[in-house]
Amino acid sequence: MNIIDTSTSVRLDSIKNSEIRNIPLFDIKRLNHQLDHLDFENVIFQSKSSVDCFDHFKFISEKKIFAIGEGTALALKNKNISTLVPEKFGSKGLIDFIKRKKYGGNSLIIKGAEGLTIVRDELVNLGYKASEILCYEREKFISYSHLRADYDRADVIIFTSLFSAEIYFQELFTKNSRAIFLGISQRICSCADKFDVKINQIDYFSKNLVKDIRNII
């Protein structure tokens with residue numbers, strides 16, 4: 001079975017499992033950024049890439065660190081950083097978690113350019129100060145012709161971001177595609193109607209990912 005993982009970062013088990021190939025659909029470009037102040041109690045990382053591209057960990061070691069989801073939490077764990085993670089991943093899950101646990105205070109949000117502003121807006125609505133640092137941006141490739149053969153042969157394609165799904169359906173998808181499409185969140189799967197396809201949700205961080213994929217298809 002030929003499984004393509006569209007993530008910009010390779011899962012460790014993907015390296016060991018020849019059935020999963022990592023073929024990203026865009027680049028991550030690090031942006032210059034700095035901390036203008038330290039007037040915050042909480043630091044929120046909105047993606048794994050925000051962890052990978054952030055340069056100022058030494059200034060936030062005494063703060064409460066939040067991860068928006070499991071992949072982000074794992075990236076922080078690999079840097080030996082203790083993290084608070086909501087039971088339900090995503091912006092809404094994080095806000096509900098902060099409200100329920102009463103983690104008040106000003107927050108610094110680490111994210112990519114054009115990333116969602118839901119967390120910032122909700123925190124402001126709750127009466128807190130929330131500032132953002134943009135430490136990366138996503139860049140489409142100039143051309144996708146070099147990826148067509150690989151994607152045309154795919155049996156399964158895993159979309160790890162809405163951006164990767166949109167790029168695939170705009171640049172590489174054909175009605176003759178035989179691939180099964182999987183998304184790692186409801187937000188990704190919800191774009192299926194837009195492109196008149198079906199995208200099934202998968203637990204991307206399952207210890208038995210390939211087995212889970214086989215059960216779906």
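The structure holds 14 salt bridges, counted wherever a side-chain nitrogen of Lys or Arg falls within 4 Å of a carboxyl oxygen of Asp or Glu. The model is a predicted one, so local features are taken at pLDDT of at least 70 and side-chain atom pairs at pLDDT 80 or more, while totals for chains, interfaces and linings use all residues. Residue numbers run from 1 along each chain as its sequence is written, and side-chain values rest on heavy atoms, with hydrogens and water left out.

Start with a bridge inside one helix. Lys-48 pairs with Asp-52, their closest N and O atoms lying 2.7 Å apart. The two sit 4 residues apart in helix H2, which means about one helical turn separates them; helices here are DSSP runs of H or I with at least four residues, strands are runs of E with at least two, and both are numbered from the N terminus. Lys-48 is partly exposed at 30% relative accessibility, and Asp-52 is partly exposed at 33%. On this scale buried means under 20% relative accessible area, exposed means over 50%, and partly exposed is in between, using a 1.4 Å probe and protein chains only.

Other bridges reach across the sequence. Glu-171 forms a salt bridge with Lys-140, with 2.9 Å between the closest N and O atoms. Because Glu-171 belongs to helix H7 and Lys-140 to strand S7 (residues 130–140), this pair ties together parts that are 31 residues apart in sequence. Glu-171 is partly exposed, with a relative accessible area of 31%, and Lys-140 is likewise partly exposed, at 37%. Then there is Lys-175 with Asp-196, where the closest N and O atoms are 3.9 Å apart. Lys-175 is in the loop between H7 and strand S9 (180–183) and Asp-196 in the loop between H8 and strand S10 (199–201), so the bridge ties together parts 21 residues apart in sequence. Both of these residues, Lys-175 and Asp-196, are exposed. Elsewhere, salt bridges with shared partners join Lys-111, Arg-120, Asp-121 and Glu-132 into one network.

Beyond its neighbours within four places in sequence, Ile-199 is in contact with Phe-159, Phe-169, Phe-181, Leu-182, Gly-183, Ile-188, Cys-189, Cys-191 and Ala-192, contact being heavy atoms within 4.5 Å.

Helix H3 (residues 70–77) has Gly-71, Thr-72, Ala-73, Ala-75 and Leu-76 buried. The buried residues of H3 pack against strand S4 (42–45), helix H2 (48–53) and strand S5 (64–67).

Aromatic rings come up a lot: there are 20 aromatic pairs, taking rings of Phe, Tyr and Trp (its six-membered ring) whose centres lie within 6.5 Å, with planes under 30 degrees apart called stacked, over 60 edge-to-face and the rest tilted. One of them is the edge-to-face pair of Phe-173 and Phe-181, at 6.0 Å centre to centre and 65 degrees between the planes. Phe-173 is partly exposed at 22% relative accessible area, whereas Phe-181 is buried at 5%. Ring pairs also link Tyr-151, Phe-159, Tyr-168, Phe-169, Phe-173, Phe-181 and Phe-195 into a cluster.

Lys-63 lies over the face of Phe-40, 4.8 Å from the ring centre, and the charged end of Arg-138 sits over the ring of Phe-26, 5.9 Å from its centre. The rule asks for NZ of Lys or CZ of Arg within 6 Å of the ring centre and within 35 degrees of the ring normal.

Finally, the cysteines. The disulfide count is 0, the cut-off being a pair of cysteine sulfur atoms within 2.5 Å. For Cys-53, the closest cysteine sulfur is that of Cys-135, at 5.2 Å, which is too far for a bond. Cys-189 has its closest cysteine sulfur in Cys-191, 7.8 Å away and again too far for a bond. Cys-53 is buried, with a relative accessible area of 5%, and Cys-189 counts as buried at 8%.
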